[in-house]
Amino acid sequence: MNNRIAEWFYKYSDDVYHFLVYLLSSSDVEDLVQEVFIKALKGIDRYEGAASPKTWLLAIARHVAIDEIRKRKTAKWKGLLFSSSDTDVLDLPGGQHTPEDILLIQEEFDEALQLIGKLKRTYREVIILRGIKQLSVEETAAILQWSENKVRSTYHRARKALRKELGGK
Amino acid sequence: MSDQDYKQIDELLARMPKPSLSDQKKQQIYRELLNTHVKAELNRGRWEMMKHYLISACGIGALAIIAFVVISSGVMDDYRSKSGMHSPEEREEWQGNLVEDQEDNEDNGFFPIDVDQLKAYVGTYIGGASDVFAIIEQLPGADTYQGGGLDLRDQILGVTYLHANVEASPEAKAFWYEEGRMEKVFLHNAIYLTLLVPNAVGYHFEVGLYSFSVSRDEMVDILQTELTDFPQGNEIWEREVMDPFLDQNVEKINELVQSEEFRASFFAEHPIMVVKVTNQE
């Protein structure tokens, strides 16, 4: 396999994974992670090195997620996308977890997914990249193919919307 | 919204769980990526071979035209006596033989090895490089040796079939990147080297960017279960024991190598990895 993709898979597969998890409000996205890296493998010749590999992979992941959302919409899934049954089992990172820990983390995770899932897609994208993944404005702009100003203003509005959601609880 | 509110939201977002893929899932995805890459390489290899054959066909065509012109000009006999060129009938016969030879040499689902010749190397010490090399020469993959080599340091028997920095020939690519071929050859050769070079502590193969490693102990554990009458103690060094053992198990080894189920479980434990990660393409 292309050596860069192999290296990036081990470095960034988790980043791609939780980006997709939040964007699609579902932890059942392993197949999409695979699709992202297969697309990267096939398109590696087009990677020019202008953006960091992580930014490039997350941009691919975004397109894969948008396609997935379209597919699900076509299938009239709307009610399913944010249903709790879709936020199934969470893969927890290494370490010892008691059943209580797991339950607590799972609950927190479900709540987070529900919350993010209520926002419109553009808000969700910027909240995940800037807020959860803590990427810079520049990186977020590169992934979303927006101007940096648009990232700042949309993030500002997205946080307001999130606050509203939290306040409504 | 006050600055304090924004700060709270930022803190809340930063604290949100960051789930990760399980190692098992990663391994599974990695395996799929590997398969995708192997298929792509195979297609590329096929295309290169086709180009190669196309160019050869054009060459043959051009030769045929020249021959026709020469025959027509009535000087063929004289030309043949001087140059030793074959008549079209002779060439046809020769090409027919070539096709038959190629068909004979095709991989019919198993690797045609001469077990009787391999028996001569029962009990080979890893220090005996020439004997180890002679075994490798008789096992599948040896024909594709390109910039490869043998590495016997630390009692690990390492064979590099295709060097990562050497562009492989279309034939070598067609051989190694056939679906499932790398797994079959690695497994097959690891089995025979376990049986023939008992004092190695492990076996390691490289093909381009791919590598595979397995320890001798792991191989012995598997073979003790899978093969009939696996030699006990020092019996593995004795030809009297090993000759009948090899005869008895040669078919069984082929079955293991060809079994998709067995390979899947074997390589799940000992995956083929990318060997050299560099920043160069």
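Predicted model: local features only at pLDDT ≥ 70, side-chain atom pairs only at ≥ 80, totals over all residues.
How are H7(A) and H8(A) oriented to each other: roughly perpendicular or roughly parallel?

1. Helix H7 of chain A covers residues 137–144, and helix H8 of chain A covers residues 148–167. The two pack at an angle of about 100°, and their axes lie 8 Å apart. Angles of 65 to 115 degrees count as roughly perpendicular, and H7(A) and H8(A) are therefore roughly perpendicular to each other.

2. On the H7(A) side, the contact is made by Val137(A), Glu138(A), Thr140(A) and Ala141(A). Their partners in H8(A) are Glu148(A), Val151(A) and Arg152(A). By class, the residues of this contact divide into 3 nonpolar, 1 polar and 3 charged.

3. On the overall make-up, chain A contains 8 helices and 0 strands. Read from the N terminus, the order of elements is α-α-α-α-α-α-α-α.

4. Of the 169 residues in chain A, 53% are buried. The chain exposes about 8400 Å², with carbon and sulfur atoms supplying 49% of that area. Among contacts with a separation of 6 or more, 65% are between residues 24 or more positions apart.

5. Confidence needs a separate remark. The mean pLDDT of chain A is 80, and 80% of the residues score at least 70. Confidence is highest in H7(A), at 92, and lowest in helix H4 of chain A (residues 78–81), at a mean of 44. Over residues 76–89 of chain A, pLDDT stays under 50. For that stretch the model has 27 contacts beyond four places in sequence.

Methods: Residues numbered from 1 in each chain as written. Chains lettered and ligands numbered in written order. Heavy atoms only, no water. Axes fitted to C-alpha atoms, helices over the stretch in contact; angles between N-to-C directions. Helix = DSSP H or I, 4+ residues; strand = E, 2+ residues; numbered from the N terminus. Parallel < 35°, antiparallel > 145°, perpendicular 65-115°, else oblique. Contact = heavy atoms within 4.5 Å. Nonpolar A, V, L, I, M, F, W, Y, C, P; charged D, E, K, R; others polar. pLDDT = per-residue confidence, 0-100. Buried < 20%, exposed > 50% of the residue type's maximum accessible area, 1.4 Å probe, protein only. Areas by Shrake-Rupley, 256 points an atom, 1.4 Å probe, with all protein chains shown as cover.
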